[in-house]
Amino acid sequence: PSRIGVLTSGGDAQGMNAAVRAIVRAAIHRGAEVFAIREGWLGAVEGGANIARMGWSDVSGILNKGGTIIGTARCVAFRDEGGRRRAVRNLIQQGIDHVIVIGGDGSLTGSALLRAEWPAHVEQLLGSGDITPEQAESHPVLHIVGLVGSIDNDMVGTDMTIGTDSALHRITEAIDAISSTAESHQRTFIVEVMGRNCGYLALMSAVAGGADYAFLPEVPPRDGWEDRLVELLARGRAAGRRDSIVIVAEGAADRHGSPITAQGIQQAIAERTGEAARITILGHVQRGGRPSAYDRWMATACGVEAVNQILAAEADTEPVLVGVRRDAVAWQPLLEAVDETRGIADHIRNGNYLQAVQARGAG
Ligand code: F6P
């Protein structure tokens with residue numbers, strides 16, 4: 001039977017457990033053997049007890065749990081070629097040449113790189129006597145399938161990444177809670193949300209929470225935003241609104257690339273109105289806790305498809321990324337998704353994201 005490894009890598013996200021559960025059970029159902037690679041790629045680099053066979057009941061009772069029961073890490077050793085070679089040795093020694101990776105952009109890029117390097121590592125490991133000629137011959141390629149686990153929703157290839165919906169619910173609940181105290185005191189709150197370079201959580205939580213203003217990495221405000229912000233908040237108050245809610249994405253910046261922070265916004269408001277706005281940085285509260293129903297079923301459906309894809313892979317099948325498009329499970333070549341994601345991130349970093357979107361629309 002095929003031996004499939006499953007790992008979660010990078011920042012954890014609600015729904016990763018649902019994906020692990022679906023992968024383990026779908027693999028067993030299909031007659032494959034399935035192994036957890038604990039602590040992400042670090043577990044492959046270190047080997048030993050980090051690579052453990054999983055049975056049906058090892059994933060019982062985890063569907064509704066946040067985080068990832070098999071652990072995750074942002075693995076430094078895996079960025080190094082020597083670390084990746086150790087991972088190849090440990091995987092081959094366990095007979096594993098199929099790996100399903102649940103992680104973000106960085107983890108998936110690293111996984112595709114490992115696949116590309118695999119034959120060279122095999123040759124070296126054979127030369128150094130770390131693996132036998134039989135092992136080398138029976139594991140000529142690494143099959144990779146990726147699922148995107150990240151609350152940021154920052155990857156091409158899926159309409160939603162695993163964890164985003166849960167994080168959005170958490171943020172919306174927090175905004176609701178903040179609104180009630182803000183209304184009581186007629187206060188302004190600045191709420192910082194996660195998302196790295198992606199403004200999805202900030203934009204959608206601003207809409208869902210009825211915020212007054214949102215700062216997004218993709219849409220740097222024009223110079224003079226401080227005056228416009230204060231004027232807009234004043235108009236809200238004049239119209240009878242008792243609270244003011246400003247959402248700032250952690251990656252927000254102005255048109256010159258200078259970060260726009262919660263403190264900077266607080267200061268801008270204080271200088272113009274004298275009001276001491278309160279700051280709430282939601283931080284990792286957004287990433288922890290129970291997954292939403294959407295994240296549970298979406299991760300389950302994608303996990304099952306990941307097993308289908310990996311068991312159908314042939315020697316020359318490129319790695320694929322499994323996600324959802326228009327409410328259906330979909331897949332595309334992993335490297336294509338990684339490249340397009342990088343392109344968008346570059347546009348945001350260089351401040352020309354909107355032009356790029358407009359040019360694409362026009363084309
Ligand atoms: O990628 C997920 C994320 O939560 C980002 O939104 C955030 O910038 C980052 O991870 C925080 O990373 P860490 O958990 O390593 O502090």
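This is a predicted model: local features need pLDDT of at least 70, side-chain atom pairs count only at pLDDT 80 or more; totals for chains, interfaces and linings use all residues.
Close-up 1. Not counting residues up to four places away in sequence, Arg222 touches Arg228 and Arg255 (contact: heavy atoms within 4.5 Å). Between Arg222 and Ala306 the C-alpha to C-alpha distance is 44 Å, at a sequence separation of 84 residues.

**Close-up 2. Packing of helix 1 against helix 10.** Helix 1 (residues 16–29) and helix 10 (residues 293–312) have axes 7 Å apart and pack at about 35°; axes are lines fitted to C-alpha atoms over the stretch in contact, and angles run from 0 to 180 degrees between N-to-C directions. The crossing of these two helices is right-handed, the near helix being turned clockwise from the far one by less than a right angle. Ala18, Ala19, Ala22, Ile23, Ala26 and Ala27 of helix 1 meet residues of helix 10, among them Arg296, Thr300 and Val307.

**Close-up 3. Residues surrounding the ligand.** Around the ligand lie Arg74, Ile151, Asp152, Met194, Gly195, Arg196, Glu250, His284 and Arg287, each with a heavy atom within 4 Å. Oxygen atoms of the ligand lie 2.5 Å from a side-chain N or O atom of Glu250, 3.1 Å from a backbone N or O atom of Gly195 and 3.4 Å from a side-chain N or O atom of Arg196; a polar contact is a pair of N or O atoms within 3.5 Å.

**Conventions.** Residues are numbered from 1 along each chain as its sequence is written, and side-chain values use heavy atoms, leaving out hydrogens and water. Local features need pLDDT of at least 70 and side-chain atom pairs count only at pLDDT 80 or more, whereas totals for chains, interfaces and linings use all residues.

How values were computed. A polar contact is a pair of N or O atoms within 3.5 Å; within protein, one must be able to donate a hydrogen and the other to accept it, and residues adjacent in sequence count only if both atoms are side-chain atoms. Helices (H or I, at least four residues) and strands (E, at least two) are DSSP runs, numbered from the N terminus.
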